[in-house]
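Student: I would like to learn how to read some local features of a model. Can we go through them one at a time?

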Amino acid sequence: MALSPLMAVMQSAARKAARHLLRDFGEVENLQISRKGPADFVSNADKKAEEIIFENLRRDRPGFGFILEEGGIAKGTDKQNTFIVDPLDGTTNFLHGIPHFAISIALEREGELIAGLVYNPAVDEMFYAEKGKGAYLDAQRAMGAIRLRGAHRENFNEGLFATGMPFLGKPGHAQFLKGLHKVMAKTAGVRRYGSAALDLAWTAAGRYDGYWERDLKPWDVAAGIVIAREAGLKVWELDNDAADINGHNPMSGNIITANEHLITELKGCIEGG
Ligand code: IPD
Ligand code: CA
Ligand code: CA
């Protein structure tokens, strides 16, 4: 299926930025690194990638606004459309030479997430989705995009789950360990690979049966939310007990996703006292 004009523009910006990221990844030891906050490293590669994404999207969609992890908010004349960009998700992996990181770009229109891509240039995997059009993985080695539908597993005990654990400077270590303990005891395993965007995309691809993490930012999850939803998964907010669970706002930063058979049990383990 041909890409929509919007998705073609988003992917083109991501692929251009990825070329620079990959070059810097090859020279990771020579990167000049500055420290922005606790466990929050920002590299030159990261900033350069964001500039490339910004310049390309601004040229191809003039007027659209931006929420950029590094550059902050850039308002546009078009108040309906906002790109949400994380130029490098999985910074710690990148800095350690681990080829598990991604560019994440989403488009929010009138407060609704309508398009997203998560691209890992190290293995050339482009996960993408638009609202109502399905989720796809375009991996060059597979020669053509394949449709993603999440995992269909119904037995919680057989599930493999991903998470992100709080690290230096982040709150909630004890709360996290409590939930992890319960999930560990009841399932086939838990992984922590270090990129929230890829965790969501990999769950959409059925590699994981579910994923949860607290204290994330909109640019960590915006694109992955569209991809997971379009793969047929539930995406809910953690720690919100409102009855209408589908009305929850996953952009709060506390997120959980899985298929309809597993999500309630996973949520119960993580939130249970
Ligand atoms: C981080 C990654 C990581 C998650 C952190 C995020 P960054 O983003 O998504 O998996 O656990 O909370 O901040 O800093 O690599 O862009
Ligand atoms: Ca991030
Ligand atoms: Ca980042």
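Student: Where is the place of D124?

Tutor: Helices (H or I, at least four residues) and strands (E, at least two) are DSSP runs, numbered from the N terminus. D124 sits in the loop between β7 and β8 (125-130). Its phi is near 55°, a positive value in a residue other than glycine. This is a predicted model, in which local features need pLDDT of at least 70, side-chain atom pairs count only at pLDDT 80 or more, and totals for chains, interfaces and linings use all residues. Residues are numbered from 1 along each chain as its sequence is written, chains are lettered from A and ligands numbered from 1 in the order in which they are written, and side-chain values use heavy atoms, with hydrogens and water left out.

Student: Which phi does E110 have, and is E110 buried or exposed?

Tutor: Buried means under 20% relative accessible area, exposed over 50%, and partly exposed in between (1.4 Å probe, protein chains only). E110 has a positive phi of about 50° and is not a glycine. It is found in the loop between β6 (102-109) and β7 (112-120). With 63% relative accessibility, E110 is exposed.

Student: What are the protein donors of the calcium ion (ligand 3)?

Tutor: They are E69 (OE), D86 (OD) and L88 (O), lying 2.2 to 2.5 Å from the ion. Their spacing along the chain is E-x16-D-x1-L. E69 belongs to the loop between β3 (64-68) and β4 (72-74), while L88 is in strand β5 (residues 78-89); the pair is 19 residues apart and links distant parts of the chain. E69 and L88 are both buried.

Student: Which residue bridges the calcium ion (ligand 2) and the calcium ion (ligand 3)?

Tutor: D86 does, and the two ions lie 3.7 Å apart.

Student: How do the axes of α5 and α6 cross?

Tutor: Axes are lines fitted to C-alpha atoms, for helices over the stretch in contact, and angles run from 0 to 180 degrees between N-to-C directions. Angles under 35 degrees count as roughly parallel, over 145 as roughly antiparallel, 65 to 115 as roughly perpendicular and the rest as oblique. The axes of helix α5 (residues 196-204) and helix α6 (residues 218-230) come within 8 Å and cross at roughly 5°. The two helices are therefore roughly parallel to each other.

Student: Which residues of α5 and α6 meet?

Tutor: Contact means heavy atoms within 4.5 Å. From α5 there are A196, A197, L200, A201 and A204, and from α6 D220, V221, G224, I225, I227 and A228. By class (Ala, Val, Leu, Ile, Met, Phe, Trp, Tyr, Cys and Pro count as nonpolar, Asp, Glu, Lys and Arg as charged, and the others, Gly among them, as polar), this contact has 9 nonpolar, 1 polar and 1 charged residues. In α5, 9 of its 9 residues are buried. Just after α5, G206 takes a positive phi of about 85°.

Student: How do α4 and α7 cross?

Tutor: Helix α4 (residues 173-186) and helix α7 (residues 263-271) have axes that come within 6 Å and cross at roughly 135°. These helices are therefore oblique to each other. G179, K182, V183 and K186 of α4 make the contact with E265, L266, C269 and I270 of α7. The residues divide into 4 nonpolar, 1 polar and 3 charged.

Student: With which side chains does the side chain of N56 make polar contacts?

Tutor: A polar contact is a pair of N or O atoms within 3.5 Å; within protein, one must be able to donate a hydrogen and the other to accept it, and residues adjacent in sequence count only if both atoms are side-chain atoms. The side chain of N56 makes such a contact with the side chain of K16 at 3.0 Å, and another of 3.3 Å joins the side chains of N56 and R59. N56 lies in helix α2 (residues 44-60) and is buried, with a relative accessible area of 7%.

Notes
Donors are N, O and S atoms within 2.8 Å of the metal (3.2 Å for Na, K and Ca); water is not among the atoms, so sites may look incomplete.
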